[in-house]
Amino acid sequence: MSILAYDLGASSGRALLGRLNGQKIEIDELHRFPNEPVQAGGRLHWDILRLFHEMKQGLLKAKHAGIALDSIAIDSWAVDFGLIGENGELLGNPYHYRDPHTDGVMEKVGGKLTHSFIFERTGIQFLPFNTIYQLAALREANSPLLREAKRFLMIPDLLRYFFTGEMLSEFSNATTTQLYNPIAGGWDGDLLAGIGISPSLFGPVADPGSNAGQLLPSIVRELGIPAIRVIAAAEHDTGSAVAAVPSATRSFAYLSCGTWSLLGTEVNEPVLSEQAMRLNFTNEGGVGRTYRLLKNIMGLWIMQETKREWDRAGREFSYPELVRLADGAPALRAFIDPDDPLFLAPGDMTPRIHEYCRRTGQRPPEMPGEVIRCILESLALKYRYVLELTELLSGRLFDGLHMVGGGIRNELLCRFSANAIGKPVWAGPAEGSAIGNLAVQWMARGDLSDIWEARRVIKESFPVVEYEPEQQEVWEDAYGRFRRIIGY
Ligand code: LFR
């Protein structure tokens, strides 16, 4: 029996085939396609129809390989959405959260929507690109899209709607909008009223693992395949990645490591304390109504953008080359706060790294190896800081850190992370989101009994590499310097 997970990441989308053989998961990449935002008319958009086309190519590849699919599910990054008009058609191309139209909006959203008012209702961290601010920006711009919109769907909801014709919002992703109230268990009318958005745009919210219909007859005809069952997985990629953390114990710390680094722990109730708000932690919904108490860290984005900067300038390095150069560069010289707003927008990063270093009285890294080393060491030190805050907020002590996601292929980062936190790092699996997506489908199908059986099977199916902390004295000293420089 085969199932398919679509995982749409920051530069590519994948269709991953999953088979469960007894207690072993086997995965196979069936189709990979670019997922590049498109700049047009001064705005950064999703290329949503091309993606849908590529997703259908995945189904055709399965057909041509003689594989009968029993179900499919989609996951992608959070906060972005499409709006549906009266006739059921998508209005416009969805915007990408790195579009600058939300600049300054979070600060401007006022009235009774104070930070504590919003946090008490949602438990979600304040990020300038949250859906609430994207919608507020559209409202402020008097966008015709909003005038015409009848329904709001997050990106995986939207693609699933293209497959099934049914509109359904999925819980893990719904919580990331900062418009969903997990205590009341629904979209928050006060918040919607506060930004002037009609609650009628928002439909029912389904748990991860819900049945979400089947392929439309028109798609079945177009592709010449049987009607396949469609499941709403944990459609937020981080929700899927955390579902795939191969922990045997209930109290564990994770780092979902990719374009973003998401570090935290899984809890049964959202932590809505003043302190959680002040530290800007989030409580994103997960599988089985758990919550991800975590903090966003800017992640490998800064390195990816630096590579693109050098590519544009004709200095092309491969990732392994960059990591090798960083490995050979002098250790623990200059640090940045990866989460400084300076680093959020796309574009050249080295001038911003230089600006940050000058601002904080450090000698900026110059050679490519030095720049990458500065980024990776700063990330690792930031992980330590956020891990300590996670312990503080959750009242738990962690004996190591699980790292999942594509970023674990960067062994230098894993090594630095173990050194920075002074505890072991357990790295694996790299395909976290897609495997979590598959696991939730097997749970929905009754092939895995619950998330703990899923995690056990994942642990048995994929290698986990352990990194022991080294050079503890120098890293301890570096952490002190790092905290002084970033001002925490
Ligand atoms: C990771 C992620 C994060 C979210 C960011 C923007 O891919 O989904 O969880 O904060 O992207 O949506």
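User: What makes strand S2 and S3 a pair in this predicted model?

Analyst: Two strands count as paired when at least two bridges are found between them. S2 (residues 12-21) and S3 are joined by 10 bridges, so they pass the cut-off of at least two. The two strands run antiparallel. Within this pairing, Gly-13 stands opposite Phe-33 in S3.

User: Why is S3 called an edge strand, and which strand stands at the other edge?

Analyst: The open sheet has six strands in the order S3-S2-S1-S6-S15-S14, and its pairing is mixed. S3 and strand S14 (210-214) each have a single partner strand, so one side of each has no neighbour in the sheet. Neighbouring strands here are turned against each other by 25° on average, with direction ignored.

User: Which strands of this sheet does helix H6 lie across?

Analyst: H6 lies across strand S6 (69-76), S14 and strand S15 (229-232), and runs at about 150° to S6. Helix H6 (residues 155-164) also lies across S7, S8 and S9, at about 105° to S9.

User: How do you know that S7 and S8 pair, and how many bridges join them?

Analyst: Two bridges join strand S7 (residues 81-84) to S8. The cut-off is at least two, so S7 and S8 count as a pair. They run antiparallel, and Ile-84 stands opposite Leu-90 in S8. The open sheet they belong to has three strands in the order S8-S7-S9, with antiparallel pairing. Strand S8 (90-91) and strand S9 (151-154) are its edge strands, each pairing on one side only.

User: Why is Leu-192 called partly exposed?

Analyst: A residue is buried with 20 or more C-beta neighbours within 10 Å and exposed with 12 or fewer. Leu-192 has 18 inside 10 Å, so it falls in between and counts as partly exposed. Leu-192 lies in helix H8 (residues 189-194). Leaving out residues up to four places away in sequence, Leu-192 touches Leu-179, Trp-187, Ile-197 and Pro-199.

User: What makes one face of H14 the buried one?

Analyst: In helix H14 (residues 350-359), the residues Arg-352, Ile-353 and Tyr-356 are buried. Seen down the axis of H14, the buried residues fall within an arc of 100°, so they line one face of the helix. In an α-helix there are 3.6 residues a turn, so residues three or four places apart point the same way. The face turned away from the buried side of H14 carries the exposed residues Pro-351 and Arg-358. Helix H15 (368-394) is included in what covers the buried residues of H14. After H14 comes Gly-361, whose phi is positive, near 65°.

User: How do you know where domain 1 and domain 2 lie, and how many residues does each give to the contact?

Analyst: The bounds come from a domain assignment, which gives domain 1 (2-232) and domain 2 (246-428 + 449-488). The contact takes 22 residues from domain 1 and 21 residues from domain 2. On the side of domain 1 that touches domain 2, the elements giving two or more residues are strand S3 (24-34), helix H3 (115-122) and helix H7 (171-175). H3 gives the most to that side, with four residues. The C-alpha centres of the two domains lie 26 Å apart.

User: Which residues does UniProt list for "domain: Carbohydrate kinase FGGY C-terminal"?

Analyst: An unreviewed UniProt entry lists residues 253-444 under that name. This span is 46% helix and 16% strand, and its end C-alpha atoms lie 26 Å apart.

Definitions and conventions
Residues are numbered from 1 along each chain as its sequence is written. This is a predicted model: local features need pLDDT of at least 70, side-chain atom pairs count only at pLDDT 80 or more; totals for chains, interfaces and linings use all residues. The arc is that of the directions from the helix axis to the C-beta atoms. Two residues are in contact if their C-beta atoms, placed from the backbone, lie within 7 Å. UniProt positions are given in the numbering used here, feature names are shortened, and annotations may be inferred rather than shown by experiment. Axes are lines fitted to C-alpha atoms, for helices over the stretch in contact, and angles run from 0 to 180 degrees between N-to-C directions. Domain bounds come from an automatic or database domain assignment.
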